[in-house]
Amino acid sequence: MRRRGRTILTAMAGAVLAAPMSACAAQSPDTLRERAATALRTGKYEEARSMYAGLADRADATTADRRGLLTVLTETGAYDDAEQRARAFAGSADSAAMLVPLGDVLLLRGKRAQAEDAFRRGLAAGTPDSLTARLRLALGQRARGERDAADAALDRFIDVFNNAGPRRLTSSELVAVGRAVQALGTRDPQLFKDALTAYDAAIAADSGAVEPRLLIAELFLEKYNAPDARAALEEVLSVNPQHPRALIGMAHVHAADGAPGAMALADRALAVNPNYVRARALRARLLLDLEQYAEATSEAVRALAVDSTAVEALAARAAAAWLAGDTAAYTATVAAARRHAPGDAELFVLVAESAARARMYRQAAEIAGAGIARDSTAWRAYAVRGVNLLRVAEIEDARRHLERAFRGDPYDVWTKNTLDLLDELARARTIRSGRFEFVLDSADAELLPVYLAPLAEEAFDSLAKRYGYRPEGLVRLELFRSTADFSVRTVGLPGFGALGVSFGDVVAMNSPGARGAGSFNWGSVVWHELAHTFTLGLSKHRVPRWLSEGISVFEERRARPGWGADLTPSFLAAFAEGNLAPVSSLNDGFMRPKFPGQIIMSYYQASLVCEMIEQEWGARALPALVAEYASGSNTAEAVRAVLDLELNALDARFNSWVREKFEPRFAAIRGATPLGTGERGGGLGEFGDRLREAEERLRAGDTTAAIGSLERAKELFPEYTDQRSPYRTLAAIYRARGALRDAERELAALTALAEDDYAALVALAKVRLTLRDSAGAMTALDAAMFISPYEPEVHAQLADLAEATGATRVAVRERRAILALDPVDRAAAEYRLARAYLQAGNRDDARRAVLRALERAPSYQQAQELLLELRRTETPGRSR
Amino acid sequence: MDVPESAGAGVTGARQVQAVPSALKRCWAASAAMVALLLGGAPAPSLDAQALGETHVLIVSGIPGEPRFANAFHEQARGLASALVVRHGVPRERVTLLAADPSRDPSWISARATKPEISKALARIRLAAAPDDRLLLVLIGHGSGSGANARINIPGPDLSAGELARELASFAPRTVAVVNTASASGDFASVLAGDNRIIITATASAQERNETIFGEHFVAAFTGDGADADKDGRLSLLEAYRYAQREVQRVYERDNRLLTEHARLEDDGDGRGTASPRDESGDGALARRFVFGGGVVAALAASDTVLAGLLRQRAALEQRVEALRARKDGMDAATYEHELETLLVKLAEVDQAARARGGKP
């Protein structure tokens, strides 16, 4: 259902933008009408309201004047005024024409019975909006669960369209037809396409029509097709940048894309229409994502005060109650929704989606299941249940639900993508190893377990010991060679930029081959995601995002030198300027970043919070804090219980701790330009001055002076590891001079801080080899494998070193890795593996490996000699 | 290892075979035929009829365009020529190298790689070649065009596949192998295919027009040790193809790029190349027999009846290993392993005895 974008409403916009807007009493009514209409279309609501009010009060006021006024009032949330005026208009001479607008205003207030009465009266009085009235009545029937009668009524819209043809229907009639067939789409998904056809026809009938564009966008959003939704919304917003419904649509697009700005767009919509229920509901949803349950409840309650029947608001209220563990409020809200819409599953879908965003995947699947029980044609509920079952590794059940969803609605992009992903997963290799189940692309299936299995087991033991928690079953680790597949696994759509995600006992991440070998440290990602598995499990999935991320980064740093985020000047600059979120609202740093880069900084910031807690409260504090959430505590309660602090005190303590810990670094970057405005994203103070000085001296050929500047820069900010890092430049200088011991020192320091500098590790190994430091070279190459395990030459080098130094376990591992890379010279690789096995004292595996070598190359002399040697030295009497 | 500038035929390198004067190789060829008879006609892989004739090589390095290609093409062409002589025993005088810029290495490059010079070189080889000799023609450069008009870009007018087909027609019935490492080279297979023809192309079709890396890996098969998959001390064109193809895939996978060159090998004459040739039939069978190196053992066996007997045993054991492998899928793993080990131990002992008599493969 992807479509090309339409041309922007150029003609309309041109006319609108050319004329300056101002209410002018002296103008003729027709001129005033034209200007009022233009003001309304372009979002100059105050002007429009003023002009339409004047026109509507005139004795010669037209229906269009009155409708225009009602539109302004409803779009700006003046619902009381709109209702009063609509009632007054409905009692006037053109009551037939005003009854449907009255009904629409009443619907916005949740006065459904009165609204339906208005629609019926309108029909009886021969309203020109008869199709709209019929549509509203049918949708009302549907909401009440009178599905058959409603569908019969909606079905008649198809006849209307077919009998009249698009050219004989007005734009608003075509909108009604489109809305009717869209509703019937749950019965026959082809009707979704017909709905688009009707909306297109509505636009053709009135090129300036906003409603069909909004409906198109909302339909695409319903199908998780954010790009096409965005295109339709941009058409509306290009003419009226203030349109509240379009702003909320765009906010949903941002939320779907995982892009920042959704909350700001919702706020803009509320600035125009403070009573806009969908905007409040969206704010509530976004606050839930920030784990601010009380604030979300408050927003939902405000929305329900406007329209107590609004399903999005009810869903937000229910989700907030559910997430906060307020069962009574949840039950009451669900009951309220049931009274208003007994056969509707949407509330459950929305609550399930909120639960999933709060990482409670199994519960999300259960809630979606409740929706299916309510409405067996709620395809989205099947999809949400399927996706969340997949997240808890109930693969077959997940597939069953997703296939059911797809049969009902083949236009749901998330469902389609996820089913495609399941097909890919079916082709992947599943390997059980100890306490893990690895799901790997066939290209990785032989190689990665060589490293993955011991690493994962080590992480398991380390984390289980520290957190006192053990996952009950196997932990499933899926590594995707395709970033798109990983993204679909995570968010249903391509484009998700993270490296890994933990659903609890199921972890999905990019394979080291997914982004071009050497672009990230896949070992640290494994460790990071497994740490989530433990913190999610220990907290019953209630640990807040910031703490879970902080612990994961902190645990990375503990796992290996260089792993995990490190201090950067930009972090300190942001901290010094007060741009980072305080600990008490650190989720904002992840979910609602104020500037580019804040999310990355928030990971590091959260890890520092964890470091501080462990340093100041002891090793048991972090596990205790995580465990505290399992009982339903919020962060304030957990911090109070475990750290005996109020949140504001924790904020203050952290600030002091950071300032004290990094005091010399703050001094080093003092004078740094504000974030984002300086060269390379911000100045670097004295540290930056020394770097620049070194670069200038190097350009001038004064290497000795450059070394002085670089040493000073290193002293000022030793954690700095980006491309201009003093370590890197010094290492290059020393290598060029043949001062290998100095080069080794710099490269060692660099790689102890930077987790993904493959080139530096390989260079370090080379330097150490030249210095005859085999053990050191091995250490460097060993670390390099977690950045790129795909270089046979590096494996061979490490294997040779391991054999030479008697590190037989490493030698065997590396020889196995070479074989896993499917070398052309497989016979030689098997032979070398056989030798490694033999060196490790594993004669059986040595014999099998040498047989495999000779099976492929029977005349392979060295392998033959090894085979004969194995026979000669075989223990007498041993049988095979 | 590279060849010194002054080197000619008979330069000693890493392996013994390359030190043998070409005249003796002729002698070996005859001896090999005799040993084949001694072995009771068993088709021992090392004594195939394809190994009996001499190999003539013409390497054409085309227009590079950019400097980086100039260096790459030259290194490939020069490296291949050198490796064929030094490592694989092809006599220096039977390796002809034509390049876009002969001044880069006049000791190796005999003329500019223009169409007339290519014609002259081919004519010269044709005149010198015995009926059982064979030709390896390697084209390095950029390609364009399609069908019979598929071209390799050389100084002056390009050389098309159709023109090359006409040039090569008179080589029949000799075996001719054409390796086109250029972009858009795929259509050379259908145009040049025929009896006793091996056509290797870097791409599957003329539509694959991105620069290729197949050439550097094909050359690496000759310059390094990794391509001799069966460890018999000799390199077949099939092994070289497989090596290059696998390495190309590996590089693309490592760099997380979509493969934009799909190498093909055609040697069954149907004009349709295959990506994964087999050993015994269809595409791959002829390339498997187009072998560089070897022959020493057979030469010695002609005058040593004990060695000849060992070689007979060896050939029989190899056949039994091959037969066992063919039955592997239907066998219990332990039984297979046991039988395989028994055969391989016997084979190792036979080879050890043969080597003790100087019969190194």
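Mentor: Of the 361 residues of chain B, 50% count as buried. A residue is buried if 20 or more other C-beta atoms, placed from the backbone, lie within 10 Å of its own, exposed if 12 or fewer do, and partly exposed in between. Please keep in mind that this is a predicted model, where local features need pLDDT of at least 70 and side-chain atom pairs count only at pLDDT 80 or more, while totals for chains, interfaces and linings use all residues. Residues are numbered from 1 along each chain as its sequence is written, and chains are lettered from A and ligands numbered from 1 in the order in which they are written.

Chain B has 11 helices and 12 strands; these are DSSP runs numbered from the N terminus, with at least four residues (H or I) for a helix and at least two (E) for a strand. Of the contacts in chain B with a separation of 6 or more, 65% are between residues 24 or more positions apart. A contact means that the C-beta atoms of two residues, placed from the backbone, lie within 7 Å.

Now let us see where chain B meets chain A. The contact involves 29 residues of chain B and 25 residues of chain A. On the chain B side, helices H7 (237-254), H10 (305-327) and H11 (333-356) each supply at least two residues, and H11(B) gives the most, with 11 residues. Sorted by class, this side has 10 nonpolar, four polar and 15 charged residues. Here Ala, Val, Leu, Ile, Met, Phe, Trp, Tyr, Cys and Pro count as nonpolar, Asp, Glu, Lys and Arg as charged, and the others, Gly among them, as polar.

Because 12 of its 14 residues are buried, H14(A) is largely enclosed by the rest of the structure. Among the buried ones are A:Pro244, A:Arg245, A:Met250 and A:His252. What do the buried residues of H14(A) pack against? Their partners are five stretches of chain A: H4 (63-75), H12 (211-222), H13 (226-239), H15 (262-272) and H16 (277-289). After H14(A) comes A:Gly258, whose phi is positive, near 70°.

Let us step back to the core. In soluble globular proteins, nonpolar side chains tend to be buried together. The largest nonpolar core here holds 391 residues, of which A:Ala266, A:Val351 and A:Val850 touch the most other members. Such a core is a set of buried Ala, Val, Leu, Ile, Met, Phe, Trp, Tyr and Cys residues joined through C-beta atoms within 7 Å. Helix H18 (residues 311-324) of chain A gives the most to this core, with 11 residues. Beyond its neighbours within four places in sequence, A:Val351 is in contact with A:Ala315, A:Ala318, A:Ala319, A:Trp322 and A:Ile367.
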